[in-house]
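Here is a short note for someone opening this model for the first time. Please read the points with the structure in view.

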Amino acid sequence: MNTKRTHNCGELRSSDVGKTVSLAGWVHKRRDLGSVVFLDLRDLYGKAQLVIDPKKHPELSEALSSIRLEWVISITGTVKKRKDPNPKLSTGEIEISVTDLQVLSSSKTPPFSVFQEEDVQEDLRLRYRFLDIRKGAIAQNLILRHQVMLAVRSTLSSIGFFEINTPILGKTTPEGARDYLVPSRVHPKSFYALPQSPQLFKQLLMMSGMDRYFQIAPCFRDEDLRKDRQPEFTQIDIEMSFTRLEDFFPIIEELMQKVFALTGKTLSAPFPRLSYAKALDLYGTDKPDLRFAMPFIELSSILQTVPASFIQDLFSKGSISKALLVKGGAKKSRKEIDAFIQIVQNFGLSTLTWIKRKDGDFSSNALKILSKEILTEIATKAEMQEDDLLLIGIGEKLRLYQAMDHLRRHIGDIEGLIDPNKHAVLWVTDFPLFTKDPDTNRIESAHHPFTAPHPEDLSFLRSNPENVRSLAYDLVIDGYEMGSGSMRIHDSALQQEIFAILELDEEQMHEKFGFFLNALQYGTPPHLGIALGLDRLMMILCNAKSIRDVIAFPKTLHAKDLMMQAPSRANPEHLQELCLKHISP
């Protein structure tokens, strides 16, 4: 059986007329006109029209009579000019007159069409992922993913970075999510952990003197999923020694510019920067989507003067007020505004106050408590114009931020304020070093415990740790956290002090991080780094709705592989070998 191709199905042109060629691929369409049969042959690279005349080549009749869609065939024939060119195909000016045909593989009838667009449930697509990729759109995303990884390797290698692979089987460490554990057969009742990131290994490489490291690293987190999360994901992991943030940011900016250029898009550098506190104050989130305006408007000082008792009660409990101005929004119906109210109620706000400015006057659902003077003052502060709508929220700070952030994104989406062909990239800096768990009241690392504190805040590291800023930063693109990084702690005493604030005693420090603390004592260079989410980056570059569309074989929202039916139960013999047993939940 000769399956060698001289060309792929997408490369033949009118300049190839007269050539004898061999192609192979899947039967995409079949049109039987009696005296002649037309087949469209498809592979990864495109489609080509085949013409078969059974009278001229009766030896092909038997094979031709059985061929159906998605069968794999190999043909040899002569390239001819088409009488009816198809401008929609790159090969639309030619066709191949077939002189030899071999069936390489038959096919069952696919559960959904591979050659035409139709609405297919995602679970079915994932169960037959190999067919979903064959349709073409996912395949093109995977090709772009390959090109992005090549660009990353080329760009970083050209400026002295070395690609180094770190272990997959490691030790469980506190990274903020649950680890996937792997039982050891050799060491009964002991477990490896799959890496949530190569964090400690890349810092150890800096201690090893490797200076500039990167890796396109597989990572694993046992956490609840959504459209931009998977239990296994890939990150572009970067670390370097003896440098400052001001020198490091341009490296990442250049890398992003080259990656986006692969899709014909231009990013302007340097990227703008927002402090964490300013991002929350203006947009209610540390990952604002700046493809459209509409920052929050501070109204606390005005509304605190409203004499209504329930308003006074809210502010006495520490509430604040933020508003969103919807240009031209006065035309919104009560039903549409009620939908806005439902959004913020879903996030714990009791309601929204709305004000419309129309025909030179105000209308509102709070006219009974807002005087004409207050309405005028609010409108002046918000710069309301004729036909504008103002949406005002009052509540506890973090709850208000979350609710108004989601409302802002919703309005940006439904009002068509987002240009899908433009991207907004920014750095968010000066994150807090610690947070407090609301349930246990314990201090926790906001990023990870190896993040360096801001040098200006070292004096109250012990006395007021929640107010200590860190030298951590996020790269945000179109409202998604694309990368997270920081300057690392390179002083052993400071690292132990951070662990002590996190209430790790000497025994816990030694058990969890003894190897790392030991390495810190042998001369550690100042170093910093970042981890960029390759899957999220690809989702944006491909304008995909989910990262599942840019991963070859993704999991569902319930962390299942429907194609392989994983996870699955282990057989009893395997469990016994690992000194494990099933326990009913």
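1. Thr-91 touches Cys-9, Gly-10, Glu-11, Leu-12, Arg-13, Lys-47 and Ala-48, leaving aside residues up to four places away in sequence. Contact here means heavy atoms within 4.5 Å. Thr-91 sits in the loop between strand E4 (72-81) and strand E5 (94-105). Thr-91 counts as buried because its relative accessibility is 2%. The classes are buried under 20% relative accessible area, exposed over 50%, and partly exposed in between (1.4 Å probe, protein chains only). The Thr-91 side chain also reaches the backbone oxygen of Lys-47 at 2.4 Å.

2. A word on the basis. This is a predicted model: local features need pLDDT of at least 70, side-chain atom pairs count only at pLDDT 80 or more, and totals for chains, interfaces and linings use all residues. Residues are numbered from 1 along each chain as its sequence is written, and side-chain values use heavy atoms, with hydrogens and water left out.

3. Now the salt bridges (a side-chain nitrogen of Lys or Arg within 4 Å of a carboxyl oxygen of Asp or Glu). The count by this rule is 38. In one of them, Arg-42 meets Glu-70 at 3.0 Å, N to O. Arg-42 lies in strand E2 (residues 37-43) and Glu-70 in the loop between helix H1 (61-66) and E4, so the pair ties together parts 28 residues apart in sequence. Arg-42 is buried at 6% relative accessibility. Glu-70 is buried too, at 3%.

4. Asp-361 and Lys-372 form another salt bridge, 3.0 Å from N to O. Asp-361 belongs to strand E15 (residues 361-364) and Lys-372 to helix H11 (residues 372-382), so this pair links parts eleven residues apart in sequence. Asp-361 is partly exposed at 40% relative accessibility. Lys-372 is partly exposed at 44%. Elsewhere, salt bridges with shared partners join Arg-125, Arg-129, Asp-132 and Asp-549 into one network.

5. Which residues of helix H13 (residues 492-501) are buried? They are Ser-492, Gln-495, Ile-498, Phe-499 and Ile-501. Their cover includes strand E18 (434-436), strand E19 (443-445) and helix H14 (506-520). Helices and strands are DSSP runs, numbered from the N terminus (helices H or I, at least four residues; strands E, at least two). At the start of H13, a side-chain oxygen of Asp-491 comes to within 3.2 Å of the backbone nitrogen of Ala-493. After H13 comes Glu-503, with a positive phi near 65°.

Conventions:
A polar contact is a pair of N or O atoms within 3.5 Å; within protein, one must be able to donate a hydrogen and the other to accept it, and residues adjacent in sequence count only if both atoms are side-chain atoms.
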